[in-house]
Amino acid sequence: MGDRMDAESVRREVRAWLEASWNPDLSLVEWRKRLADSGWGCPAWPVEWLGRGLSVSLADVVAEEFERAGAVGTPGGGGMTLAAPTILEHGSDDLKRRLLRGIVTGEHTWCQLFSEPGSGSDLAGLTTRAELSPDGDEFIVNGQKLWSTSAHHAKYGMLLARTNWDVPKHRGITYFALEMHQPGVVAKPLRQMNGHASFNEVFLNDARVPVANAIGEVGNGWTVALATLAHERRSFDALRAAARSTKGKGRAYDEQRAEVAEIMAPYTWYPQRAGRADLIVERAKATGRNRDPVVRQEIAKLLSLARSTEWTARRAKAARVLGRPPGPEGSLGKLYASEIARACSRVHTLISGSDSLLAGADGPLDGIIAEILVSVPAVSIAGGTDEIQRNIVSERVLGLPKDPQTDAERAFRDVPRNRR
Amino acid sequence: MRWSPSEEQDELRRLVRRFLEEKSPASEVRRLMETPEGYEPGVWKQLSQELGLPGVHIPEKYGGQGLGFVELAIALEEMGRALLCAPYFASVALAANAILNAGTEAEKSALLPGIAAGETLATLAVAEPNGRWDAGGIELEARRGTGGWTLSGEKSFVVDGATAELIVVAARVAGSGLGLFHLRGGADGLARRPLVALDPTRKLARLTFKGARAESLGEAGGAAPALEKTLDQASALLANEMVGGAQKLLDMTVEYAKTRVQFGRPIGSFQAIKHKCADMLMALELARSSAYYAAACADGAPDELPAVASLAKAQGSDAYLELAAESIQIHGGLGFTWEQDVHLYFKRAKASEVLLGDPTYHRELLAQRWGI
């Protein structure tokens, strides 16, 4: 009952504030400065840090009112979804003061500098080094990072670097907020097998970062990184929601559309990466392949997989909503997505036959089918390989023993690693 | 549509599981599978009188508990888990549904209370030696003579056909389509031969009809829709039974992988084994989602049932068999012995794969039903 009273008073308050403050003719930054000042942009953040200290469910009420008013919210992208929660959880007050506001206003965008050519699944095996400068004021960073979205226009990078080589791998890492616009940082687009360049590789040559920009303690970066990774799954959902939202007229809307377009630009091939199960039946009918009994079997198998995956997600969600302990069904979504994508790739090939040889303007569906075939291999790698995911499922869900680790208790200096 | 079981449904599951853990341990399964009748009358009586399970989804006016297919599916899932040897699937999932779908009010009132009370063991005879599960495969003929209907022909793969006291038979009615008929197990003109089944925990029989007298169930000649609905419901229910067996296989296998030591480590710490177990879990959870959804459709979304029942049957069959095969593999040489219980589930999985139509058949049905 108390909650409902709260919800109603929050609703009244935010509604009144939006009526008084929301103006689509403001510039996007001007509007978001109001969001930052009032705390309504990030209602679940603490009151002293640009928020209103509301519970998640009350923050949902605020989001509903924003949607009802058609008001633009905080920016999508890695700043809000990854950097800000990490800074709030682990950053010093000085960092919160310096970094959070630019994230909320959208003036400062962020990228992630985690993966490296030599450390993919084994992120904690990273070898980018950060060494204290002789005067002790800053760290000097050398190494190479990979798979960074938006690194070419980001103001800051969430950087993981090794600051101590004499302790086991998880204990020698520090998490920094790195200024990207400096001579020691060079971002280059990384071209993928499907021809797109959605990510960057980032070269760090004597890049500099003040000691005060360490998020969390020096040497405690792994714990901080886990906080970021915990938010990563939610971030793509937020992005999709942002991409859906903007239709109105006015300067703030126009600028937001441009912002979303920039954030979403790297992801045009993501639907194809997932396999495009939605195209299967239509393609089979258009080509007449739906009359082939073998093709029919394969289509039925694929669609069974896709439908039952949806039902599995519904079961997981229902259990969550009822507050029941999560069952195994909640941990399998990523593995099912890989299976669906691969099955789609097979069945699209079966349907398109020799036309699968062709791409671009000559390819079926103006190249979409070809893009599916050469994008699907990403699904089972991005965001953690299927093999790692199976380890996690078998250990955490099924309770099987961990396999013995050879690197966890040794000084990282002595652990075998990839040659540069 | 409910996506999470109610507390009452969870309670039903706990009740049935407790009962079966006590009454149907592997030792009992092994004893009963060697007997010709294949079930323990004392346990059947308790299951009927104390738990009321044969009547779980039969309406109260016919002597049942009046619950739904979801509850029936829960009972079957638990029976699949325990590999219960009992005439439950034949009597409730097949015969009772056929009577509910095809019978007149008077016929339902006459036939269902006995099934609901567990006093009448019933079954449904559909397939013939040609092995088909669609209406087109039915050749057994029903003729109307001066003294009523007579049946001539042969049925095979009849679940619990040698012990059933009430047999519902799908037959071709000369000139007018399909009919469902019923007669007593000991009727004149009916010869019953138990078959040697690959899965000894589910008994099969061949029935030969030579002018056997039978009563029509509903209007003779118009039973095709009722038969199809019955088979869809039965497919959805069998899918749930399979999920129970598959979960038990996963439990047994994971437990074994945790405790079996080779090369100085539990084999479950090797990724080759872990990944197999993760794959087993994936197949199981999809099969579970489909089976549960199909049962829910049988209760609340009859238009969706035909496609979803076929989906669940095909997917459940593939999953159960995959889990059984991988379970044997992970158990290694021991998995191939008679002493280890895994083969009992493997045989149930193989038999369930084929009963009511194999996955290829059901996927084609699915394609048709989805308009592909």
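**Strand S7 of chain B and its partners**

B:Pro194 has B:Ala205 as its bridge partner in S7(B). The model is a predicted one, in which local features need pLDDT of at least 70 and side-chain atom pairs count only at pLDDT 80 or more, while totals for chains, interfaces and linings use all residues. Residues are numbered from 1 along each chain as its sequence is written, and chains are lettered from A and ligands numbered from 1 in the order in which they are written.

- Helices (H or I, at least four residues) and strands (E, at least two) are DSSP runs, numbered from the N terminus.
- Strand S6 (residues 190–195) of chain B pairs with S7(B) in the antiparallel sense over 6 bridges; two strands pair if DSSP finds at least two bridges between them.
- Strand S3 (residues 148–159) of chain B is antiparallel to strand S7 (residues 204–221) of chain B, and 9 bridges join them. B:Gly153 has B:Phe209 as its bridge partner in S7(B).
- Strand S5 (residues 177–184) of chain B also pairs with S7(B) in the antiparallel sense, over 3 bridges. There, B:Leu180 has B:Leu217 of S7(B) as its bridge partner.

**B:Arg143**

- Strand S2 (residues 141–145) of chain B contains B:Arg143.
- B:Arg143 counts as partly exposed because it has 13 C-beta neighbours inside 10 Å. A residue is buried if 20 or more other C-beta atoms lie within 10 Å of its own, exposed if 12 or fewer, and partly exposed in between, with C-beta atoms placed from the backbone.
- Apart from neighbours within four places in sequence, B:Arg143 is in contact with B:Trp149, B:Thr150 and B:Ala174; contact requires that the C-beta atoms of two residues, placed from the backbone, lie within 7 Å.
- B:Ala174 is 31 residues from B:Arg143 along the chain, and their C-alpha atoms are separated by 6.8 Å.

**Helix H12 of chain A**

- Helix H12 (residues 368–375) of chain A is mostly covered, with 6 of its 8 residues buried.
- The buried residues are A:Ile369, A:Ala370, A:Glu371, A:Ile372, A:Leu373 and A:Ser375.
- These buried residues of H12(A) pack against helix H8 (270–273) and H11 of chain A.

**Contact between the chains**

- Chain A contributes 37 residues to the contact and chain B contributes 30 residues.
- On the side of chain A that touches chain B, helix H9 (280–287), helix H10 (293–321), helix H11 (333–352) and helix H13 (386–397) each supply at least two residues.
- H10(A) gives the most to this side, with 16 residues.
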